[in-house]
Amino acid sequence: MATLRELKGRIGSVASSEKITGAMKMISSAKMHKAESSLQRQVPFRSQIETIIGNVLSSDARFNSPIVTAPAETRRLLVIVWGSDDGLCGAYNANLYKRLVEYLGELRTSLGNDVHIDVMGIGRKIVHALSHLTMANTAVVPAPDGVDSKTEGAPVNSFMQSLEQKFQTGEYDRVDTLYMKFYTAGRQRPVAAQLLPVLPETFTGAGAPAETGRPYLFEPNPNAIFNTVLPMFLMSVMQDIFTENRASEQAARVMAMQAANDNAKNLLDSLRLEYNKLRQQSITNELLDIVGGQVRD
């Protein structure tokens, strides 16, 4: 049975843990709101790009782009999965890894077992999880230097340009993404999608011009504009993926810290109750010893 001193020590330790988890929750919440604000700031740029694409597609011109044209046969495929560089975010990376294994199985079913699949992890924790991946004709490749789950700005655009180059040179016939999409602070879901070649349905919703019936003059021509704007669209998509991944990671960390904080509070209440009972028992025993001594006298 624990002594009063031992219980007091445990109470102090748990109380410190409660303060730490509470502080970490506040920090993660601030980071999540920062990433969420970044997502909101990116909406006008992406909306404008989609409007331009919609106006171009509404013309009668023929379009041809190397990042839209799919190879006759998919022989080599790259799947990029985003995770976290830091821990203490619950089952965040585990859920992504589980979805990745399922997605690879779906790809094998649709494309066949002869297709070689490279998997690239973005984030130290998901890279560690990928070390356990053992599937036939599947290999894990490293991410470029300087690219991790916290990357933002110009390095993200450079990363997207490198993917376009790998696709256009034939190193990969297809590039897919898998990341945690941010909906709300309490809801994130893993999403897998084809990035390259760009699918026609990607522009569904962007095909309506901003002002229907208004004539447009395209200089030098619609196809040239399309090939200029399309890479910008892909860069905005990649920026969204990195930002949504950061927001989802922090949201998962907020939930994990909240659960840890609740557990610490419950344990603290239990220890305090046990401490008070033991203390009351000790006081009662001392009183009985005093009364017993007086009676004997």
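Where is the place of Ile 126? Ile 126 sits in helix 3, residues 124-130. A word on terms: helices (H or I, at least four residues) and strands (E, at least two) are DSSP runs, numbered from the N terminus.

Before I go on, this is a predicted model, in which local features need pLDDT of at least 70 and side-chain atom pairs count only at pLDDT 80 or more, while totals for chains, interfaces and linings use all residues. Residues are numbered from 1 along each chain as its sequence is written, and side-chain values use heavy atoms, with hydrogens and water left out.

Back to Ile 126. With a relative accessible area of 0%, Ile 126 is buried. Buried means under 20% relative accessible area, exposed means over 50%, and partly exposed is in between, with a 1.4 Å probe and protein chains only. Setting aside residues up to four places away in sequence, Ile 126 touches Val 81, Gly 83, Ser 84, Asn 93, Leu 96, Tyr 97 and Gly 121. Contact here means heavy atoms within 4.5 Å. Between Ile 126 and Gly 9 there are 117 residues of separation in sequence and 37 Å in space, C-alpha to C-alpha.

Next, the strands. Two strands pair if DSSP finds at least two bridges between them. Strand 1 covers residues 76-82, and 6 of its 7 residues are buried, so strand 1 is largely enclosed by the rest of the structure. Strand 1 runs parallel to strand 2, with 7 bridges joining them. In that pairing, Arg 76 has His 116 in strand 2 as its bridge partner. Strand 1 also runs parallel to strand 4, here with 5 bridges. Val 79 stands opposite Asp 176 of strand 4.

A hairpin of 2 residues joins strand 4 to strand 5. Across this pair, Tyr 179 is opposite Val 191 in strand 5.

Now the nonpolar cores. A nonpolar core is a set of buried Ala, Val, Leu, Ile, Met, Phe, Trp, Tyr and Cys residues joined through side-chain atoms within 4.5 Å. The largest one has 34 residues, and those touching the most other members are Ile 80, Trp 82, Phe 159, Leu 163, Leu 195, Leu 196 and Met 238. At least two residues of this core come from each of helix 1, strand 1, strand 2 (116-122), helix 4, strand 4, strand 5 and helix 5. Helix 5 gives the largest share, 11 residues. Leaving aside neighbours within four places in sequence, Leu 163 is in contact with Leu 78, Ile 80, Leu 195, Leu 196 and Met 238. Apart from this core lies another, of 20 residues, among them Val 79, Leu 107, Ile 117 and Ala 252.

On to charges. Side chains of opposite charge can pair when their charged atoms come close. A salt bridge is a side-chain nitrogen of Lys or Arg within 4 Å of a carboxyl oxygen of Asp or Glu. By this rule there are 11 salt bridges.

Take Arg 46 and Asp 240, which form a salt bridge with the closest N and O atoms 2.5 Å apart. Arg 46 is in helix 1 (residues 4-57) and Asp 240 in helix 5, so the pair ties together parts that are 194 residues apart in sequence. Arg 46 counts as partly exposed, at 24% relative accessibility, and Asp 240 as buried, at 11%. Arg 46, Glu 50 and Asp 240 are linked in a network of salt bridges.

Another salt bridge joins Arg 246 to Glu 152, with the closest N and O atoms 3.6 Å apart. Arg 246 lies in helix 5 and Glu 152 in the loop between strand 3 (138-141) and helix 4 (154-168), so this pair ties together parts that are 94 residues apart in sequence. Arg 246 is buried at 14% relative accessibility, whereas Glu 152 is partly exposed at 48%.

Within helix 2 (residues 92-111), Glu 102 and Arg 99 are 3 residues apart, about one turn of the helix. Their salt bridge has its closest N and O atoms 3.8 Å apart.
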